[in-house]
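Please look through the structure below with these notes beside you.

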Amino acid sequence: TVKIKINGREYDVPQGSTILEAAHSVGIDIPTLCYMKKINAIGSCRICVVEVKGAKSLVTACVYPVNEGMEVYTNSLKVQKARRMTLELILSNHKRECLTCVRNQNCELQTLSREYGLEEVRFSGDNDRYEIEDSTGVIVRDNNKCILCRRCVAACKFNQAVAVIGPNQRGFNTHIACAFEGDLAEVPCVSCGQCIASCPTGALTEKDDTDKVWAALADPTKHVVVGVAPSIRVHMGEFYGMPIGTNVEGKIAAALKRMGFDGVFDVDTAADLTIMEEGTEFLERLNNGGKLPLITSCSPGWIKFAEYYYPEFLENISSCKSPQGMFGAVMKSYYAEKMGLDPKDIYVVSIMPCTAKKFEINRDDQDAYGEQGIDVSITSREFARMIDRAGLRFADLPDEEFDPCFGVASGAGHIFGATGGVMEAALRTLAEVVDGKPLEKLDFHDVRGTEGIKEATYVLGGKEVNVCVASGLANCREVLESVKKGEKNYHFIEFMACPGGCVNGGGQPIQPSRVTNFLDLRAERAKGLYGEDAGMKLRKSHENPVIKELYDTYFEKPGSHKAHELLHTSYVA
Ligand code: HC1
């Protein structure tokens, strides 16, 4: 450690830390806008300026390292004045329609403006010159609200290795866009939404589809059902002030029932179904010389990435639809039959932590006998807006259950929402099916945790099986390159587009950078899922009674002809 003084008091702080980190370690927050830990330490927005004794001018705390004996002032009048001026200049160029902005009350620029007492802006800039870009039907960009912090650019480039956005032009004309001013739909954007999740303002949002859901709920001819993704249960509490990672599955079910859905279901049940199909496919390939490594197919951002950048691996990807896709197909086939309903009259909604799920539902081959499986996919943020509009006091709702006919899931289904969860769920089932006896230990710790790339070797039926788990497309790219070069010999790979998996999806609740720069949000949310799993009796997909009934009465067996017709898909280069 080194000894420094902050605001006149002496502290021991970690050597090698920046002023920002050092101050945080002793309980003092310095505001940031452009800074993103590890990937965007560029000191460009100048909101984090502080005074350092002896320095000629104010310095940016996010990049300036501490040294022994340093004296720092994080909040002097000089510092406050500089930050206010910076805020005023940013605001002069910012479309200030805060009342109607989707990020109202969750905007880092708004929070700072309030904290610094900005009541008026003395300068008038050009804040209404860009057209709204919504070419993908998934991601909406309003550059009039962009503050040029470049956090979206960094997330796209460094976390996702996609790099389809960046600053165009210079000076006052600088704006974030695609090369040659193309639309997002014209470039290989994978719609993961990590740009949205990193945006401090309302410049990037998802396309709001909630009106479609309200319209369906109001239509007496429609039987409206909903399915909730694994990680949603550890996300929704954040909108209502609960600790990060709190499992609010019961309140979610209660809210959906009060909104008037005719069936309130769990996509985790479909995750269990995915394990049955994907596990069967893996064993088939392993034992009969099929294409290996088998790569999981749940994450539509990863699928799009493979189609754009690694078409040579398409045959490696499991033909299974994602759990979302399977949920839609089951609703429009098995469930329709069971309920005696015409599939045309069933309207299926999914609630996902993911923006890419919005385009997944429109991919070819996501239907069930000609009917589109999922009719609309909304993010957790859209769901929160619906809860608020419905006037439901979420935190006060009782805990209720999903409807049993497709609402029972195993712990294996729950952990799908965290990186490594799909692999662990598959291993639990594969090990028991292959070895024909109950597993002694259900926890596969090697594939847990938020590191970007994990690997392990297990013995299945006497064969050594090398597995790999990666999340964040930059990490997926690294794994694929090592496989291509022959450096790695994996049999089974789990890829998730978003770093940390769905708990950190592009459709998740957005926490401000003063939280995300210092807390591993992914780990906190994942804890909620693993905690739930650990306390359950039903922890293996193949023991789920709903899945057993589904095969007994409808699909016959995993990998059957009918299962292939409804639960599998294909990819396009
Ligand atoms: Fe996911 Fe999945 S885990 S992809 O992260 O396989 O989005 O939560 O719903 O489909 O089940 C997302 C989450 C989700 C699918 C499942």
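1. Strands β1 and β2 form a hairpin with two residues between them, and N7 in the turn has a positive phi of about 50 degrees. β1 covers residues 2-6 and β2 residues 9-13, and they pair in the antiparallel sense over five bridges, where pairing requires that DSSP finds at least two bridges between two strands. Within this pair, I4 stands opposite Y11 in β2. Helices (H or I, at least four residues) and strands (E, at least two) are DSSP runs, numbered from the N terminus.

2. Please keep in mind that this is a predicted model, in which local features need pLDDT of at least 70 and side-chain atom pairs count only at pLDDT 80 or more, while totals for chains, interfaces and linings use all residues. Residues are numbered from 1 along each chain as its sequence is written.

3. The axes of helix α8 (residues 267-287) and helix α18 (residues 545-555), which are lines fitted to C-alpha atoms over the stretch in contact, with angles running from 0 to 180 degrees between N-to-C directions, come within 9 Å and cross at roughly 60 degrees. T269, D272, L273 and M276 in α8 meet V546, I547 and L550 in α18, contact being counted if C-beta atoms, placed from the backbone, lie within 7 Å.

4. Around the ligand there are 20 residues, of which A229, C298, P323, C354 and C502 come nearest; a residue is near if its C-beta atom, placed from the backbone, lies within 6 Å. The elements that give two or more residues to this shell are α8 and α10 (323-339), and the largest share, three residues, comes from α8.

How values were computed
Contact = placed C-beta atoms within 7 Å.
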